[in-house]
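Please look over the structure shown below before reading the briefing that follows. The notes begin with a term that is needed throughout and then go topic by topic.

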Amino acid sequence: MRRGSEFNLSIDHVDIYAGEVVAIVGPNGAGKSTLLLALSKLLEPKAGSISLRGQSIEQIADLEYRRQIALVLQEPLLLDTSVYNNIAAGLRFRGISKSEINQRIDEWLIRLNISHLKDRPASQLSGGQAQRVSLSRAMVLKPTLLLLDEPFSALDTPTRMALMQDLRNLLSETATTTIFITHDQEQAMFLGDRVAVLLDGKISQIDSPQTVFSSPIDTAVANFLGVENVLPGFVVDSKDGNMSIDVKGRQLEAIGNVVSGKEVLFCVRPEDIILWKTTDIPKSSARNHLAGQITSIANQGPLLQITLDCGFPLVVLITRASGQELDIESGMEVSATFKASVVHLIPR
């Protein structure tokens, strides 16, 4: 699929199942907007086809198709009228009776906690209120497919979290098939039944949020998802699912079934590593122990990103409280531990 003269999007095949929420996550320029335009029937694929309920959308009249979908954008784009009239607009275009319009609107005003805004002009709404009206306007249509394009990115954190929680509950209750476009990995994990990683115009991986974020399929996905520790190594021993990996002369443990002698990328997320101030570490289930020196400390909001020199760089994320408890400072000698079960291996 092309926009202008540049190649943008090439998806071999993907199925979206009825009632599920699929979060499409990727960086700017990955093709997310192109995908949304194609799903909205505003951009025609150069090859292949898009189907809704088994029927190619090219065989469905534009108006008929668009009446089966609803779109919520980052900016609500409300009409210059009351909340009630904004939500009613699509129903009126469909010729729904006034009594049914009133019934449906009252239902969604309640479900999205905006009944008190029913008669308020849209121009007097806050960002969060406006987005709730936009969602009500979409959901009141009972769409076959709901498309969400970065609907939370302009909201402050408390407003965003409250709206995301309400939306997740509503999508579950109504079993609305939803495609959620976002660059925010936390939002993708929170809302998605499945997460698709879109990189350079291709879906690199699609699976459950847990699988995608803990087991990236390749280095490109791992790097995008923030798995800072992607270390080259090779399998020294593999038996009964227990593996010993040589990473620059250090013997580390992992769970898996990669054959001995195979080169791998040893991946561990920074938040899965625990730091200790001393080498006298209490006994635990963590089978990997590394001694290292702190080379840098960077603030990441409520967290600290610690980089260690363990013979290779190792990135660790800890809370500020943990940092204070450990009296963290550059140059300090510490120990790092992590479980074999949190390691993900990518065969090379």
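Two residues are in contact, or touch, when heavy atoms of theirs lie within 4.5 Å. This is a predicted model, in which local features need pLDDT of at least 70 and side-chain atom pairs count only at pLDDT 80 or more, while totals for chains, interfaces and linings use all residues. Residues are numbered from 1 along each chain as its sequence is written, and side-chain values use heavy atoms, with hydrogens and water left out.

**The chain as a whole**

- The protein chain has ten helices and 20 strands, where helices (H or I, at least four residues) and strands (E, at least two) are DSSP runs numbered from the N terminus.
- Taken along the principal axes, the C-alpha atoms of the protein chain fill a box of roughly 75 × 45 × 40 Å.
- Of the 348 residues of the protein chain, 48% count as buried; buried means under 20% relative accessible area, exposed means over 50%, and partly exposed lies in between, with a 1.4 Å probe and protein chains only.
- Among contacts between residues at least 6 apart in sequence, 66% join residues that are at least 24 apart.

**Nonpolar cores**

- A nonpolar core is a set of buried Ala, Val, Leu, Ile, Met, Phe, Trp, Tyr and Cys residues joined through side-chain atoms within 4.5 Å.
- The largest such core has 46 residues, and those with the most contacts inside it are Ile-87, Ile-105, Leu-146 and Phe-152.
- A second, separate core has 31 residues, including Val-235, Ala-254, Phe-266 and Val-268.
- Leaving aside residues up to four places away in sequence, Ile-87 touches Ile-105, Leu-109, Ile-114, Val-133, Ser-136, Arg-137 and Val-140.

- Helix H3 (residues 83-93) is largely enclosed by the rest of the structure, because eight of its eleven residues are buried.
- The buried residues of H3, among them Tyr-84, Ile-87 and Leu-91, pack against helix H4 (98-111) and H5.
- H3 is followed by Gly-95, whose phi is positive, near 75 degrees.
- Six of the eight residues of helix H1 (residues 32-39) are buried, so H1 too is largely enclosed by the rest of the structure.
- The buried residues of H1 are Lys-32, Thr-34, Leu-35, Leu-36, Ala-38 and Leu-39, and H1 is followed by Lys-41, with a positive phi near 65 degrees.

- Thr-144 is placed in the loop between helix H5 (127-139) and strand E7 (145-149), and it is buried, with a relative accessible area of 19%.
- Not counting residues up to four places away in sequence, Thr-144 touches Leu-52, Arg-53, Gln-68 and Thr-177.
- Met-161 has its place in helix H6 (residues 157-174) and is partly exposed, with a relative accessible area of 40%.
- Although Met-161 and Phe-190 are 29 residues apart in sequence, they are 9.9 Å apart in space, C-alpha to C-alpha.

**Cysteines**

- With a disulfide taken as a pair of cysteine sulfur atoms within 2.5 Å, the count comes to zero disulfides.
- The sulfur of Cys-267 is 16 Å from the closest cysteine sulfur, in Cys-310, which is too far for a bond.
- Cys-267 is buried, with a relative accessible area of 2%, and Cys-310 is also buried, with a relative accessible area of 0%.
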